[in-house]
Each structure stands twice: as C-alpha cells, then as structure tokens.
Amino acid sequence: MGVDHPVVDDGHLVEKIRALVPQGFDAALKLVGCSVLTDTLRTVCRHGTV
C-alpha cells in the first residue's frame with residue numbers, strides 16, 4: 001500500500017518518528033481529531049504535507 005513505517009498515534013509521535021526518520025516524513029495522514037494535530041505537524045519535514 002506504500003506505507004513503510006506505520007506508527008500508532010498515541011499523542012507522542014515526534015520521538016518515534018524522528019527515531020525512524022531524523023529529518024521527518026514528507027507526508028502524514030491525520031485521521032484523529034485536532035487534539036494531537038500539533039504533534040503530527042512536528043513529525044513532517046519542512047514543507048511536508050499533513
């Protein structure tokens with residue numbers, strides 16, 4: 001399906017994502033509400049897509 005590293009969003013994604021990809025992901029799919037949006041935004045690289 002094109003997913004290399006599925007990660008469960010527990011509200012603390014940044015540490016998990018940066019351990020896998022230090023520069024951050026190019027894109028992230030956000031299916032959970034706005035309460036964890038800030039954390040997701042910090043997981044993508046500069047000019048990444050959420």
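## Basis of the model

The model is predicted: local features need pLDDT of at least 70 and side-chain atom pairs count only at pLDDT 80 or more, while totals for chains, interfaces and linings use all residues. Numbering starts from 1 along each chain as its sequence is written, and side-chain values use heavy atoms, with hydrogens and water left out.

## Largest pocket

The largest pocket holds about 580 Å³ of space. A pocket here is an open set of points on a 1 Å grid over the protein atoms alone, with protein on both sides within 12 Å along at least five of seven lines; a set where a 1.4 Å probe fits but cannot get out is a cavity instead. Points are joined across faces, edges and corners, and the volume is the space filled by probe spheres set on them.

The lining has 22 residues, and H5, F25, A27, A28 and L29 lie nearest the centre of the pocket. Lining residues have an atom within 4 Å of a point. Helix α1 (13-20) and strand β1 (25-27) each supply at least two residues of the lining, and β1 gives the most, with 3 residues. Helices (H or I, at least four residues) and strands (E, at least two) are DSSP runs, numbered from the N terminus. By class, the lining has 12 nonpolar, 6 polar and 4 charged residues. Ala, Val, Leu, Ile, Met, Phe, Trp, Tyr, Cys and Pro count as nonpolar, Asp, Glu, Lys and Arg as charged, and the others, Gly among them, as polar.

A27 is found in strand β1 and is partly exposed, at 47% relative accessibility. The classes are buried (under 20% relative accessible area), exposed (over 50%) and partly exposed (in between), with a 1.4 Å probe and protein chains only. The C-alpha atom of A27 is 4.5 Å from that of T49, 22 residues apart along the chain, and 5.4 Å from that of G48, 21 residues apart.

T49 belongs to strand β2 and is partly exposed at 49% relative accessibility. The phi of H47 is near 70°, a positive value in a residue other than glycine. Most residues other than glycine have a negative phi.

## Loop between β1 and α2

S35 and V36 both lie in the loop between β1 and α2. S35 is exposed, with a relative accessible area of 72%, whereas V36 counts as buried at 16%. Each has a C-alpha distance to G11: 8.3 Å for S35, which is 24 residues apart from G11 in sequence, and 5.5 Å for V36, which is 25 residues apart from G11.

## Nonpolar surface patch

L37, L41 and V50 form a nonpolar patch on the surface, with about 220 Å² of accessible area together. Patches are made of residues with over 30% relative accessible area and no salt bridge; nonpolar side chains (Val, Leu, Ile, Met, Phe, Trp, Tyr) are joined within 5 Å, and like charges within 9 Å. A salt bridge is a side-chain nitrogen of Lys or Arg within 4 Å of a carboxyl oxygen of Asp or Glu. Accessible areas come from the Shrake-Rupley method with a 1.4 Å probe; for residues, only the protein chains shown count as cover.

L37 is found in helix α2 (residues 37-41).
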